[in-house]
Amino acid sequence: QFALQLEQLVLLEWLSDEAIIAPAGRLSAELAFDGAMAAPNLRGGARLTGFSAELPALGVRPSEGRVELRFEGANAADLEFTLRSEGELRGRGRFDWSEATDSPLRLSIEGSEVLVSDTPQLRLVASPALELEQRDGLLRLRGRVDVPRAEVRLDRFEGSQQVGADV
């Protein structure tokens, strides 16, 4: 049996090479192993609650994050998550790495008016409805992303050139 409680998520910052700054939240996990070595059984899961962080490359600060991973035996796990960045992003999926499945990954992602980027160059709000699936060794992404609001500030891109008077 294995149990873990983390109140400090600074490890995420170290592992992300500064893609994630000042992560906060609580990570807890409880796992139990039993069965034969040839066919182990894994029960339990992990939960991240109250997650927030800064994503400097995107200029956003997601908050109120919740991720839950539940193991089903040694070959499958279910995943659910929610996250706020102005609007809410939600996801639900399944990992199944047993030999009996031809689709080891299925993930649905939906959101409503989620702030995806807020940099000097781009402010983008999107409403995704996506399905990610792994099949036959390929990842397939299908769905739709509505963009209710976007502001592209071309003059703020590095190396941008002024348009000549003759254009």
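Q: How many bridges join strand 7 to strand 8?
A: Strands pair through backbone hydrogen bonds, either parallel or antiparallel. Here 13 bridges join strand 7 (residues 122-135) to strand 8 (residues 138-152), and the two run antiparallel. Strands are DSSP runs of E, at least two residues, numbered from the N terminus. Two strands pair if DSSP finds at least two bridges between them. One example is Leu-124, whose bridge partner in strand 8 is Ala-150.

Q: What can I trust, and how is it numbered?
A: This is a predicted model: local features need pLDDT of at least 70, side-chain atom pairs count only at pLDDT 80 or more, and totals for chains, interfaces and linings use all residues. Residues are numbered from 1 along each chain as its sequence is written, and side-chain values use heavy atoms, without hydrogens and water.

Q: Which residue takes a positive phi in the hairpin of strand 7 and strand 8?
A: Asp-136, with phi near 55°. This hairpin has two residues between the strands.

Q: In what order do the strands of the open sheet lie?
A: The eight strands follow 1-2-3-4-5-6-7-8, with antiparallel pairing. Strand 1 (2-6) and strand 8 stand at the edges with a single partner strand each, so one side of each has no neighbour in the sheet.

Key: Helices (H or I, at least four residues) and strands (E, at least two) are DSSP runs, numbered from the N terminus.
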